[in-house]
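Let's take a look at how the parts of this protein model touch one another. Have the structure open while you read, and follow along one topic at a time.

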4 protein chains.
Amino acid sequence: MTQTPKKLWGGRFAEATDGLVELFNASVGFDQRLFEQDIRGSLAHAAMLGKTGILQPLEVKQIQDGLNAILEDIRAGNFEWKLSLEDVHMNIESALRDRIGPVAGKLHTARSRNDQVAVDFRLFVKDAALELASLCRGLRAVMVSEAEKYLGGGQGAGVETTLELRVDAEAVPPAPLILPGYTHLQVAQPILLSHWFLAYAEMLERDESRFLDAAKRMDESPLGSSALAGTPWPIDRDMTARELGFARPTRNSLDGVGSRDFALEFLAACSINMAHLSRLSEEMVLYSSFEFGFVTLPDSHTTGSSIMPQKKNPDVSELARGKAGRVFGDLMALLTVVKGTPLAYNKDLQEDKEPVFDAFDTVSIVLRLYAEMLPKAVWHAETCEKAAARGFSTATDLADHLALGGLPFREAHEVVGKLVGYCVQYGKQLWELSSEELKAAHPSLNSSVAEKLSVQNSVRSRMSFGGTAPERVREALGAAKSRL
Amino acid sequence: MTQTPKKLWGGRFAEATDGLVELFNASVGFDQRLFEQDIRGSLAHAAMLGKTGILQPLEVKQIQDGLNAILEDIRAGNFEWKLSLEDVHMNIESALRDRIGPVAGKLHTARSRNDQVAVDFRLFVKDAALELASLCRGLRAVMVSEAEKYLGGGQGAGVETTLELRVDAEAVPPAPLILPGYTHLQVAQPILLSHWFLAYAEMLERDESRFLDAAKRMDESPLGSSALAGTPWPIDRDMTARELGFARPTRNSLDGVGSRDFALEFLAACSINMAHLSRLSEEMVLYSSFEFGFVTLPDSHTTGSSIMPQKKNPDVSELARGKAGRVFGDLMALLTVVKGTPLAYNKDLQEDKEPVFDAFDTVSIVLRLYAEMLPKAVWHAETCEKAAARGFSTATDLADHLALGGLPFREAHEVVGKLVGYCVQYGKQLWELSSEELKAAHPSLNSSVAEKLSVQNSVRSRMSFGGTAPERVREALGAAKSRL
Amino acid sequence: MTQTPKKLWGGRFAEATDGLVELFNASVGFDQRLFEQDIRGSLAHAAMLGKTGILQPLEVKQIQDGLNAILEDIRAGNFEWKLSLEDVHMNIESALRDRIGPVAGKLHTARSRNDQVAVDFRLFVKDAALELASLCRGLRAVMVSEAEKYLGGGQGAGVETTLELRVDAEAVPPAPLILPGYTHLQVAQPILLSHWFLAYAEMLERDESRFLDAAKRMDESPLGSSALAGTPWPIDRDMTARELGFARPTRNSLDGVGSRDFALEFLAACSINMAHLSRLSEEMVLYSSFEFGFVTLPDSHTTGSSIMPQKKNPDVSELARGKAGRVFGDLMALLTVVKGTPLAYNKDLQEDKEPVFDAFDTVSIVLRLYAEMLPKAVWHAETCEKAAARGFSTATDLADHLALGGLPFREAHEVVGKLVGYCVQYGKQLWELSSEELKAAHPSLNSSVAEKLSVQNSVRSRMSFGGTAPERVREALGAAKSRL
Amino acid sequence: MTQTPKKLWGGRFAEATDGLVELFNASVGFDQRLFEQDIRGSLAHAAMLGKTGILQPLEVKQIQDGLNAILEDIRAGNFEWKLSLEDVHMNIESALRDRIGPVAGKLHTARSRNDQVAVDFRLFVKDAALELASLCRGLRAVMVSEAEKYLGGGQGAGVETTLELRVDAEAVPPAPLILPGYTHLQVAQPILLSHWFLAYAEMLERDESRFLDAAKRMDESPLGSSALAGTPWPIDRDMTARELGFARPTRNSLDGVGSRDFALEFLAACSINMAHLSRLSEEMVLYSSFEFGFVTLPDSHTTGSSIMPQKKNPDVSELARGKAGRVFGDLMALLTVVKGTPLAYNKDLQEDKEPVFDAFDTVSIVLRLYAEMLPKAVWHAETCEKAAARGFSTATDLADHLALGGLPFREAHEVVGKLVGYCVQYGKQLWELSSEELKAAHPSLNSSVAEKLSVQNSVRSRMSFGGTAPERVREALGAAKSRL
C-alpha cells in the first residue's frame, strides 16, 4: 500500500494525521474484503439516485461504468489499496474520482459512511450465514451417507449429497457396525455407529437452522439511514433493498446504522456450531488413538511428526477442536465491544469485521474438511464391537430383564450392581455366570438370560423412538434423508 | 441440609464417598430449582408407564399421589433437601420411596437420570426463553408508549401494554422532543426522542424473536432417550412429549441426552439482549449526568451516597451495564464446557444449569426494572433541544442544500467543512453567518439558508423511510404498536 | 432476611425505593461473606480514629466492643441480615447503632463506603490468593510424593507434605513405572510416570508463584482514600495499613477506590491454574477409561450410574474440567465490567465480588480434591508399560542411532519412517525385524539394534537435563522436594 | 507463496496431503513472524552441537553461515515462504538444505519441532512482555509529566521521559487545574487533574510489573526437551539457554514442550492493561464531548466525518476502548484451547500464536498512541473548575465540618442531605444559603462556613496520604518521578 496525503473528510483539519494514528484507524487492511459488497451497494444506490431523479441518467451511467471497471480491476488484482484512504469505501470512491472526475462526488448524495458500511457488512454477514447453513447441510448429508454406509445391507449408494460424495461400494459392511456408547468416557451401552452419525446430523440440522434464522432476521437493508437520522433527499429505500436482495429496508435509521446484533447472532451461531464440531473432533482424536483404535483417518487428512515417523496425527480434528476457542474469542470480543457503546455509531464498532471474517473462515474450512474427511475414514467393525462388549455394557439389559419380571427398577439395579461387582472380582463377564451364581444374586435369574446380554441383542432391543435398534435407525435415516 | 449414608447408585461401591467429593459433586444446592419440572416429568412418565401397561394402574396412582404430595410439600417449604442425595432427582425419588415404599422404584423403569435431567432442564430453559421473550415485549411496549408520549399531540394514552403502565396525561408535551443524535459521542444531527425510543424497540423486537426462535428449536422432549441408546420398554414418547407441552420427541437418543445447544442458544440470546440493555444503560448514565442533564431518573430507581448526600446515582443502569459482563461470562463458561466433551453425557455438563439460572435471573430483572423505570423518567425538552443545536449539528443540512443545487456532494462537504472551521474560529453559529460570509464560501449561498439550519427544520426534513421526521416517526409508531 | 424502611443514605429522597430495585441493588446476599473483613477494617479504623484524637477513647471502646459483639453474633449465626440495608457494611453499621446508639455514627468519620468496600475486598482477595498458593503447594507436594512413589526403589516414604499424606509402603513398586508419552494423543515416546507427575508439579509451582505475585502486588490498603479524593481529617493511613496486615497504604485515592486489577489478576491466576487442572483432568478421564486402563481411581472419588451399575465415573475430574469454563467465565465477566467504567467508582463494580468468590471456591475445592484423590489412585504398571511399547514409540531411538552413525538426522528420519511403514504393512514390531530387513532399509543397521528399542532402554537413554531418564528424574525429584 | 510437493515428515505417507488440509494446517502465514527467533534458536543449537562434539566444527560453520545468509534474505524480503512447507521451521530448514545440502539435516539432531517451536515462541513472548513493560513505563512517564504540567507553578519542564516529550513551556498553568471527581458519573468531589493523571500512572505501574513478572517467570529455555522426553544426545542445555538469553533451562521436558501458561499470563497481563486503557479511553471520550468540554484532543489524533464536517471524533480512544474486547477475546481463545488438551503437545496449541501476536500489536500501538496524544491534548481549566463546583460537590466538606464539631458523622450526613434537598428545591448553591437557612438545618451552622465550600478549599483540605491536596499531589509526583 502507498500513502496519499488527501483525506476525504479533511476540510476542517489543520494538522496532518499522525502516522501511527493512520495505521491504527485504517481498516482497509481487512475491510477491502468487502469490495464486492461495497460496489454492489454503490451500484444500487446510484441506480436509485437516477430513478428518483436525484442524479441525471448520464451521471448514473458514468458512476456505474466507473464502479464496474473498478470492480474488475480489483478482481483482477489491479488495484492499489491505500492505507491513507482508511477504508474500502474511501479507496473505491477515490478511485472513482480518479476515473470519472468530480461527478464521482455525487454518488455519496443522500448517503453516509455509516449506512454504507452497515449495508456492506450486512450483505457480507447474510451471505456468510447462508453459506455456513449450506455447509452444515453438506456435512449433514455426509453424516447421513456414512450412517447409511455402516447400517449394513448395502443401501449406502443411495444417498445423494450436495457434495457429490462417492461411496465406495465394497466398503459397505453386511451388518450394522456396533460402537460403544459412552457416558463419562466409560463404556455405557452398545450403539450403532449409524446412530452416532445421525446424532451429529441432528446437531448440524439445528446449527443450520440457526444460521438460517440469523440470515432471515438480518434480511433488512440499512441503506438510506444516512448518518443516523435519515435524509431529506427523496430516496427510495425499497428499491435499494430490493436491488440488493434484502427483504425490506430497516425501519429505524438509528437502529440501522448503530446495531450489530446481526453480527453477534452470526458469531453465536458459529460458536455453537464450533462447539459441536469440537465435540466431534474430541471423539475423532480419541477413536483414532491406538488405545481406542476404532477408526483410521485418511493419510490425506493427517500428518506425520518430524521426529517420530510412525505418527499419524489427527491434525484436522485437533486444530478444529482448538479453533473452537478462537471462534468463542471472536464472539466475546464483539459482545464486549457492542456492550460498551452508546448509540448510534462509535468507532469501536470498526472492531466488528475481523471477528466475523475470522469466524466465517474458520467455521467454513472446518465444515468442508469434515465433509471431505469422514467418507475416507475407515471404521474397524471388530475392534468397535469388541470394545462395545466391554465394561458390562449390557448390565442395563439385565436390570431391565429383572424389572420386566416385576422387580422395582431400583432393586433390579442393586441386584445387577452386585453381580457386576462379583464379575469384576472374579474376572468374569456377565454372560459367563452360571445359573447358580445368577440365582444367588436373585432367584428369578438363570443362565438363559445370557443371550440377552450380547451387544447385538442389546442394540436390537432398544426399539423406542429415537433408540439405537437397527429398525429405528433405518427409519431415522429415511427421515433424515428426506430433510436434506 | 442433612446427610444420609445411602446412595441410590451405591450397590457396587465398597468405600463411602469422600465428604468433599460429595460437596463437589452435589448439584442439589442449585438444581432443586427444577423441582416443578422434575415432578412434571415424572408425572408424565408415570402416566405413560400406566397407559402402555408397563405399570399397573394402582402403581401409577400411588406414584402420582406421592409425587403430588411431595410437590405440595416443596412448594410449602416443607421439604428437607439432602446433599448426600446429590441432586433434585434423587432427593425426590428418595422422598417418594419414604412415602410410598418400594413401588417408588418402579418409576425409574425405562428412564435414566440422563434423560430425566435433560427433560427437566429443557422444560426450564424453554419456559425461560418464553418468559424473556414476553419481558422483551413488555419493555418494547414501554418504549413504544414513551415514544408516543414524547412525540407531541397527546396520543400518549392510547398505548396498552402488558405491564399496565399508566401514562401521566399531564406529562405529554405539545411538540416532539428533540434530542441530539450522537456519533462518536459527538453531537451529529438532531433526532426525535421518540425516534430514539423506537430504535431500542427495534432491538428488543429482534431480541424477542431470538428468544422465540430458541424456544421453538428446543421444543422437543428427550424423555425416553434413556441413558443414551433408547430403551427396550414399549414406551410412548409422543405421549410424554405431548403431556409436557413439547411439540415432539427428540429424534435421536444420543443427541437427546448429550446436547446442550439449546442452553447455549438461550445464553447467546441473553447475551445479545444484555448488550442492547447495556447500550441503553450507557446512554441513561450519560443522559442523567449533570453534564448532559437530559433526563431525571425517578427517586425510586436511584440511590444516594453515604458521604455525598446530594448524589442521585443511576444504580439500576450502572448495574445493568455491569451485569452484561456477567451474562457474557455465563455464555463463555458453557461454551467452554460443551466444547470439551465427547458424547454422550459427561459430568462436565452438570455445569450447564447455574449459568442459565444466573442469566435468566439477571436478564429478567433488568428487563422488568427498565419497564418500571422508563415511564417514570422525566426528559427535559429545553436542555435536550439546546444540546441538539450545538456542534453545528445541522451542517449536513447545509451540505445537502448545496448538493441539491448541483454541487457534487463531496465538494459541498468541503465547502461546509470550511465554513464550520470559520465559525469555530470566530465563535459563530452557522445561522449567524452573513450573506457575505456565506457567499465567500460558495456563490450559491446567502442568508436565506439560515432557516434550513434550525434543529426543528432539520428534523422535519428527514423524511426518508425510517428517518426521524415526525411524520415518519408517527408512521413507525403506528406500525410498532400494531406489532405488539 | 427482613426488610426495614430506613436507608442510611435516604435523607434527600422523597420516594421509597422500589422493591425490585432494592432486590437488584442489594449485595448483602453475597457480600455478607466479607463480614470478618468488614469488622477487621472497622476495628482498625476506629483504633486509628482514637490514636489520632479524632474520636475519644471511650467512643473508640464503645465502638470496638460493639463490633466485637457483632462479630461473635455473626459467627454464631445470630445475626439477621436485612436486604433493605443493601450490603454488609450497612447491615453491620445499623446493628452497631442498635447496640451502642448514636456514637456508632462516628465510626464512619473520615471514611466512605467506597474505601470501606475496597479495603474489605482486598483483604479477602489477598487472603484468597495466599490460600490458593498454599493449596497449589499442597498439591505440588502430592505430585512430588507420587513421583517418588512410582520411581521405584522404595524412597516413597520420605516425602513430607503439608497435607500429611500417608504413602502406602506396600504400594511402592520396585522399578520406575513407564507410561506412554503422547503427542496428538498418539503414543510418541515412553516416559516415566514420575516424570509426568513432576511436569504437573512444575505447572503448579508457577501457578503458586502467580498467586503469590498477585498477593504481593495488591498488598496495599486503600482505607483512607475516602470517597475518592482523600479526607481532611488527620488520619494515619500507615497505622491502619499496618493493623490490617498490609505492606503499605495505596498511593493515590482515586486509584485506591476505583481500581480492581487486583481482582482481575487473581481471576487470571485462577483461570490459568484451572487450565492446568483441566489438562490433568482430561488425562485422568482418559487414563481411567477402559480403553487406556492405566489407572484406577478410588471409589471415594468416583460415582456410579443410576442405570448402569458397573460404571465408575471419574466425576471429580470431569467436573474439574467443566469448572475451568466457569472460572474463565468469571474472569471474562469482570474484565468486561472493569473495561467499561470511567473513574472512580461506579455501581458496575459491585459485580466484582461474585466472580471472585465463585472462582476461589471452585479452585480451592478442585485443588483439595486432587490432593486427596491422587495418592489413592492406583496405576497399573503392566498396562502402562505395554501401551508405552505400542505405536513404534522407540522409532526415534532408532533414528538417533542412525544419526549417531553420521547420517544426517533428516535422512535417518526418512529411513526409519519407511521401516515403520513396512512394519505396519506386515504387522511387525521394530525389534522383530531381521538383519536382512533392517539392512534393506539402511546398510548400517542389523539386528543388534533391537536392544536399543525396548521402552526401558529408551527411557534410560534420555539423559539430557530435564529428560525422563530415571537418573535425571531422581535429581529433579530431589530438587522439587527442596523447593517445597 | 508457492507450493512444493515434498513434506519433510512424509516418509510413511502414501497419499498426498489434501489441498484444503494443507491450507488449514499450515501456520507459515503467521508464524513466519518468528523467523528471527527461529534462526537465533538454530544458531544456538548448532553452536552447542559443535561444542559438545555432536557435530564437526566444519558442519557447524556451514550450518551457521547458511542460517545467517537466510536471515539476511528474509530481512531483505528475498525469501519465498511456501505454504506446502507448513511452518516457519520447515521453510527455513528446507532453504538451508537448498543452500548447504544434506548437512542441513544434521541441524535437527537432538531437537524436535516441539521444543523448537516452544523456544521460538518463548523468545517472542518474553521480548513482547519486556517491550510492553517498557511502553507502560513510557506512558507512565507521560502521565507523570502531564501531572506536573497541570499542577501549577511551572515545574513542568523538569520531567524527563524515555519518550523525549517536549513540554510546551507556555502551556504551564499558574495554578493547579481542578477537575470534577466522579462516582456513578455524578460529580462527587473536586480533585486535581494532576491527581487524576497519577491515578493512571499507578495502574500503569502495576501493569508494567505484571509484564515484568510474566517475563521473569517464563525466562526458561525449553530447547533440549526434544519431542517430549528429552534426548539421548549429550547436549548442553545450559549453554543454549545462556546463548539465547534465558536465565536457565526448563526443568521438565514434558512441561517444556507442552505448557503455554507463559502465553496465557502474557495475554492476561495484556487484558488487564487494556481494561485500564479502556477506562482511560472512556474518560477521554466523555471529557472531549461537547457536553463535558474538559479537553480538546489534537487534530493529529482525531478524525472527521464524511457527512458532518464539524465533527472531531476521538477515534483513537474509541478504537482503544473497542480493542479491549479484542484482547479479551484473544485471552479467552487461548484459555479454551489450553484447557482442553492432554499432555504433551497437541496441534490445538498451534492456536497459541495468533492471539499473542494480535494482543501484542494491539496493546503496543494503544500505549504508543496515548503517549503521543496526551501531551498534545489541551485541558480547559475554567470549564473543568466550573464543572467541579456543580452538583454540591463540596457537601461532604460541610458534613465534615459538622462532624468536626462533634456531630456523629451519620447525623451530619443527614443534616447536609436535607440542606441539599432544600437547595435543589429553591435553585440555590450551598454557599448562597443565609445564616438563617443554615441554622434552621443545624444550630451550629452559620454563613461563615461558606468559605469551606469552594472547590479550591475543598481540594486543599484533602491532606490525607494519597489525597488530592496540592501538597500531597506534589509529594506523590516526586515519588512517581523517582520510580520512573
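Between domain 1 of chain A and domain 2 of chain A, the count comes to three salt bridges. Keep in mind that this is a predicted model.

**Inside chain A: domain 1 against domain 2**

- One salt bridge to look for joins A:Asp127 and A:Arg40, whose side chains meet at 3.8 Å, N to O.
- There are also five residue pairs in polar contact between domain 1 of chain A and domain 2 of chain A, with both residues at pLDDT 80 or more.
- Which helices of chain A each supply at least two residues of the side of domain 1 that touches domain 2? They are helix H1 (19–25), helix H2 (28–31) and helix H3 (35–51).
- H3(A) gives the most to that side of domain 1, with 10 residues.
- Sorted by class, the side of domain 1 of chain A that touches domain 2 has eight nonpolar, 10 polar and six charged residues.
- To place these pieces on the chain, note that chain A is split into domain 1 (16–109), domain 2 (116–386) and domain 3 (395–453).
- The C-alpha centres of domain 1 and domain 2 of chain A are 33 Å apart.
- On the contact itself, 24 residues of domain 1 of chain A touch 22 residues of domain 2 of chain A.
- Together, domain 1 and domain 2 of chain A bury about 2,100 Å², with carbon and sulfur atoms giving 65% of that.
- Within domain 1 of chain A, the residues that lose the most area to domain 2 are A:Phe30, A:Arg33 and A:Leu34, which together make up 28% of what that side buries.

**Chain D against chain C**

- Here 110 residues of chain D are in contact with 110 residues of chain C.
- The rule finds 14 salt bridges across the interface of chain D and chain C.
- In one of the salt bridges, the side chains of D:Asp261 and C:Arg206 meet at 2.6 Å, N to O.
- Polar contacts between chain D and chain C come to 54 residue pairs, both residues being at pLDDT 80 or more.
- By class, the side of chain D that touches chain C divides into 47 nonpolar, 34 polar and 29 charged residues.

**How chain D and chain C are related**

**Chain D against chain B**

- This contact takes 46 residues from chain D and 46 residues from chain B.
- Chain D and chain B bury about 3,800 Å² between them, and 60% of that is on carbon and sulfur atoms.
- Two salt bridges are found across the interface of chain D and chain B.
- D:Glu291 pairs with B:Arg390 in a salt bridge whose closest N and O atoms are 3.4 Å apart.
- Across the interface of chain D and chain B there are 12 residue pairs in polar contact, both at pLDDT 80 or more.
- Several elements of chain D give two or more residues to the side that touches chain B, including strand S1 (178–183), strand S2 (186–192) and helix H10 (261–287).
- H15(D) gives the most to that side of chain D, with six residues.
- Classed by type, the side of chain D that touches chain B has 20 nonpolar, 17 polar and nine charged residues.
- Chain D can be laid on chain B by a turn of 180° and a shift of 0.0 Å along the axis, with an RMSD of 0.0 Å.
- Since 100% of the interface residues of chain D are also interface residues in chain B, the copies meet through the same surface.

Technical notes: Residues numbered from 1 in each chain as written. Chains lettered and ligands numbered in written order. Predicted model: local features only at pLDDT ≥ 70, side-chain atom pairs only at ≥ 80, totals over all residues. Heavy atoms only, no water. Contact = heavy atoms within 4.5 Å. Buried area = accessible area lost by both parts, 1.4 Å probe. Salt bridge = Lys/Arg side-chain N within 4 Å of Asp/Glu carboxyl O. Polar contact = N/O pair within 3.5 Å; in protein donor to acceptor, adjacent residues only side chain to side chain. Helix = DSSP H or I, 4+ residues; strand = E, 2+ residues; numbered from the N terminus. Nonpolar A, V, L, I, M, F, W, Y, C, P; charged D, E, K, R; others polar. Domains from an automatic or database assignment. Least-squares fit on C-alpha atoms with pLDDT ≥ 70 in both.
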